[in-house]
Amino acid sequence: MSLSEGSVVGLCPTEWWGFAQRNGGGLGAAPPLIKKKFGVKSLRVKEMIAMLLAGGQGSRLGVLTANKAKPAVPFGGKYRLIDFPMSNCINSGVDTVGVLTQYQPLQLNQHIGIGTPWDLDRRSGGVAILAPHMKSEHGEWYSGTADAIFQNVDYIDQYNPNYVLILSGDNIYKMDYSRMLDFHKKNKADVSIAALTVSLEEARRFGMMNIHADNRIYEFEEKPPEPKSNLANMGVYIFSWNVLRDALIRANELHSDSDFGKHVLPMLLGEGKRLFAYPFNGYWKDVGTIESYWAANMDLIQTVPDFNLYENFDKIYTDSDHQPPLYTGQNSEVRGSIISEGCEVLGCVYNSVLGPDVIVEEGAIVQSSIIMKGCVIGKNAYLERCIIDSDCTIGDNVRIGEGELIPNVQKPKVYDTGITVLGELSSVPANVSIGKNCVVSGKTEIEDYPNRRLESGESIVKEIIVVGGVTK
């Protein structure tokens, strides 16, 4: 019988132990607190370890990733994108995770720390930050997904795992990787790839897989204009380590920018290796664009959300300080929204997501928007379909999100769905209006707004200088 945290909801640690023993299991997939209760120790040799690719820039998220890596972008109020694969790992019994960082890693490194929120602060295994580094007389940046893993073969070798789990650090989903490992073993697979059924219209945006009736893959198609199937590659892989190690070495000899989708997987398929598609039927979102990021946040506030953060099993863990309780004023109104700890709502919030310590002043209206931690929304301000990054200040009587639907002049492919975005540490003076598909970054003054307005599709981007903790 397969054991997972979801199958034992409500059991105390002693009952959980008895349940596991009666069914021939151990504590491998036990929840973190139960593992601590019984003092379970990890051996240096691991059956499976995870390598989490978290170095991406996420350029299609525009100003949201100007100063941080995509996996560090906040989501759902108090979380960050990387919390989801990290939590999936510990919920699946995977207690050794290498996090590969590169682009703007500071916020990501600070968030992960030593892995305490995910029970990954341990002597054997735990979490390790793996940045590009010098080897003998030379060093290189990670130049492809497979190249990043290749540069950390020594890290994997020290655990001598049977299997290696490869993950992306910026997708929203819950998955029990132990079940995927069972599938991998049952099929005697060399590689197992998590697969999601998508519409044929969406299939043009993904790497697609064509399979036999037994789920064995016989063909890959990369963003095909006319897809033959609707089975998309989720970027979640389990490799048998001996197969992956050999493939990484050979791929690196052929391609300095070796990539799993472009090089490694087609090579192994062509050699007749056993590649299988593992069917996944749950919620999964690639939040690679402004629109998809906004939509995924909005999914959380439905009456019956497609993706539930409040279940008692397979919880999502994060590094969050203890905050004071939420406060709502006598004349405030909140409907269909997520309001995080420490917020002070004196105005109205509708269908929105507020991070910790956000202040919404009296008379302000926030609608269909994402407001990240530490922001202040001034009196009588009106915001609609906005994404406001951390620690921004919106002045009194400011109106954002009204006007014509015109794509952004500077980045029309990034900002084109009507969502206006403010970068972190930005400020907007009182009594101005900002249209749709606008970008504001930095401390702006009234002189930056001709006729007190920023028209739809326009941008104001200023350099942000922080001196002694003060933004200038």
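Trainee: On what basis are the values given?
Mentor: Residues are numbered from 1 along each chain as its sequence is written, and side-chain values use heavy atoms, with hydrogens and water left out. The model is predicted: local features need pLDDT of at least 70 and totals for chains, interfaces and linings use all residues, while side-chain atom pairs count only at pLDDT 80 or more.

Trainee: How many aromatic pairs are there by the rule for rings?
Mentor: Rings of Phe, Tyr and Trp (its six-membered ring) pair if their centres lie within 6.5 Å; planes under 30 degrees apart count as stacked, over 60 as edge-to-face and the rest as tilted. By this rule, the number of aromatic pairs is 13.

Trainee: Which kind of pair do Phe 75 and Phe 84 form?
Mentor: A pair of aromatic rings is described by the distance of the centres and the angle of the planes. For Phe 75 and Phe 84 the centres are 5.7 Å apart and the planes stand at 80°, so the pair is edge-to-face.

Trainee: Are Phe 75 and Phe 84 buried or exposed?
Mentor: Buried means under 20% relative accessible area, exposed over 50%, and partly exposed in between (1.4 Å probe, protein chains only). Under this definition, Phe 75 and Phe 84 are both buried.

Trainee: Which residue has a charged end that sits over the ring of Phe 307?
Mentor: A charge sits over a ring if NZ of Lys or CZ of Arg is within 6 Å of the ring centre and within 35 degrees of the ring normal. Phe 307 belongs to a cluster linked by ring pairs, with Phe 75 and Phe 84 also among its members. The charged end found over the ring of Phe 307, 5.7 Å from its centre, is that of Lys 174.

Trainee: Why does Met 208 count as buried?
Mentor: Met 208 lies in strand β11 (residues 207–211); strands (E, at least two residues) are DSSP runs, numbered from the N terminus. Its contacts (heavy atoms within 4.5 Å) beyond four places in sequence include Val 198, Phe 220 and Leu 231. Met 208 counts as buried because its relative accessibility is 0%.

Notes
Helix = DSSP H or I, 4+ residues; strand = E, 2+ residues; numbered from the N terminus.
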